[in-house]
Amino acid sequence: MISGELGWLLLWGTLVGLDLVSLGQIMIARPLVAGTIAGVILGDPVAGASVGVVLELFALDLLPVGAARYPDYGPAAVAAATVAAGSPGMLGLGLAAALGLAMAYLGQWSIHWLRRRNGNDIRRHWAAVEKGDASTIARLHLKAVVRDGFRSAVLTAVGVAVALLLRRYPPVALGGALLLSAAAIGAALGVGSLGALRLASSPHGRWSLAAGLIAGGAWVILR
Amino acid sequence: MKLDQFRAWLRLFTVQGSWNYDRMVGLGLAFSMEPLLRTLSGGKENPRYREGLARAAQFFNAHPYFVGLAAGSLARAEHLGSSREEVDRLRTALVGPLGSVGDRLFWIGWLPLCSALGIVGAALVSPVAGAVLFLALYNVLHLSIRYWTLAVGWRMGPGVAAALGSSVFRRVPGIVAAAAAGAAGFVLPVAAAWLTGDLPQGSRFGTALVLAVCVIVGRWLLPSAGATRVGMAIVAAAAVVGLLWRW
Amino acid sequence: MSLELVRVDDRYIHGQVVVGWGRALGADTILLVDDAVSRSPWEQELYRIGVPPEIQLEFTSVAEASQRLAYLANSSKRAIVLLGDVHTLERLCCSAPVIRRVNIGGLHQAPGRKERLPYVFLSDEEALVLRRLRDSGIEVVAQDLPTARAVPVDELL
């Protein structure tokens, strides 16, 4: 791996980590985007997109409602794409998805940590905020955004470092890699199906889902 | 849009930046509203400038794309000289509805719809085309809503409830969710075919088996666990087996 | 019995309630119990926007709530009851014996309150109210979403 690529990966992972909550929410944090662009950086967009799609199917389950906790798939997809890039066919996909899911879970905890730190910081300066001091408000707020940038950068660095180790010392043999890929794709489709069923609980959703399934199935068979 | 409103609009992109469990996006709301309070008569010397900021920084939460509506209408209420009690009641009453509308319209409607179309694009056209299609489609509505919420909040001030026209926001999310269900239905077989295209026959059988197990466990055996946790547990178990499998 | 959920949440109607619980319980009715809101048309208008058309939203004052609750509990409706604070909860529990189980879904930072869970902040006095309710035989748990752990009230006191 070239050090320039590493730098771009770190920058991209930090941006998508920030996008999830703190800055923008234009949804570059979605694994489809985060993984595909990481794949482009690594010269293998197809591998990046495949692992991105696997994680994106997982993300179809999400309900980021209110304060609920949710996995952070952005930096995770960057790490996962780093594992998958360059491996033949779908062989690296399972291992990549497994690392991606573990990192997404770690990301969830890092968000919890971040929110605690934000709360502590604001509580310490609350007297000034209650006086309506604009510069304190701006400083506390922007510091918290920078803190999330730090969180995202560390998360990406850890993920990419583990990914490079996994590429260097592959822990699974051919049979294991196939098994893991099959399981990861199956689980992703399963979670996606459960998400689709949940979407279908709206009034006309059931018919819409059935129509979509038939059309998609027909497309696959007729092509 | 005037310069102060444009500033507030830009700041609203960071509105969740200081999210915390105590007051959630309260501080973000105060930060985003600040440019709109500068234009109070007398500017920063007007006592309502500081009072308004302090009020805004109290507990607040809503869908991030809809916080602009609160920022606009609360700032306008300060300009109009509404009483402290009126501003507080307005803020409290905006929390839940703006969260609910946003969650239903975006998180369980427009986002999964665009996501499914993006996956279809990646599988049928090209990886980059899928990602670009998703981003472009999603953000047309996202950025329009961000613009509209701030503008209507500022224009209507404390009377913003009437402007929301409840029937549109009650009905549209359901229609979008139904469309998302259809798109999700279409994407499942397409993604399955694309992802398993290179796998040998035996592995494809394994994929189908895992898919079935995941749906049965997530839907009927352990629905309270949540689909993500069920899927993650299956992949973790497969990873352990895969690491031990030595041929 | 079809009081599916009696929930204390200072945000009343929001995503967790409508999307999280509403879907999971198949609710068709939400009863919002609050004296000020039951007198304020513009606030009702706002709350209505947050509720999908297939769910019926009703407003009532605390005094009139017990009658409505008795009706809902014996009807075929699947109802979610929302309250804004624990004092209202205690008043309601005294007048409406149909309430056997209560969910603390979200009470946020305010002067005098201490954090008990990330989404539950209580003052000492409010904790005392919950203790009294528990001692009178009502099951009190804290739970933000259906997929989260139901935390028994003893862990909050």
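Among contacts in chain B between residues at least 6 apart in sequence, what percentage join residues at least 24 apart? I looked this up at the outset, and the figure is 70%. I note that the model is a predicted one.

**Entry: elements of chain B.** I listed the secondary structure next. Chain B holds 10 helices and 0 strands. Read from the N terminus on, the order of elements is α-α-α-α-α-α-α-α-α-α. I then asked how spread out this chain is. Its radius of gyration is 23 Å, whereas the globule rule gives 18 Å for 247 residues, so chain B is more spread out than a compact globule.

**Entry: extent and burial.** I looked up the box that the C-alpha atoms of chain B fill, which is roughly 75 × 35 × 30 Å along the principal axes. I also looked up burial: of the 247 residues in chain B, 59% are buried.

**Entry: contact with chain A.** I turned to the place where the two chains meet. Chain B gives 88 residues to the contact, and chain A gives 100 residues. I recorded which helices of chain B supply at least two residues each to the side that touches chain A; among them are helix H2 (26-37), helix H5 (84-124), helix H6 (127-156) and helix H10 (227-244). Helix H8 (166-196) of chain B also belongs to this group. H8(B) provides the largest share of that side, with 20 residues.

Entry: Finally, I sorted the residues of chain B that touch chain A by type. I found 56 nonpolar, 24 polar and 8 charged residues.

How values were computed. Residues numbered from 1 in each chain as written. Chains lettered and ligands numbered in written order. Predicted model: local features only at pLDDT ≥ 70, side-chain atom pairs only at ≥ 80, totals over all residues. Helix = DSSP H or I, 4+ residues; strand = E, 2+ residues; numbered from the N terminus. Rg over C-alpha atoms; globule rule 2.2 N^0.38 Å. Buried ≥ 20, exposed ≤ 12 C-beta atoms within 10 Å, placed from the backbone. Contact = placed C-beta atoms within 7 Å. Nonpolar A, V, L, I, M, F, W, Y, C, P; charged D, E, K, R; others polar.
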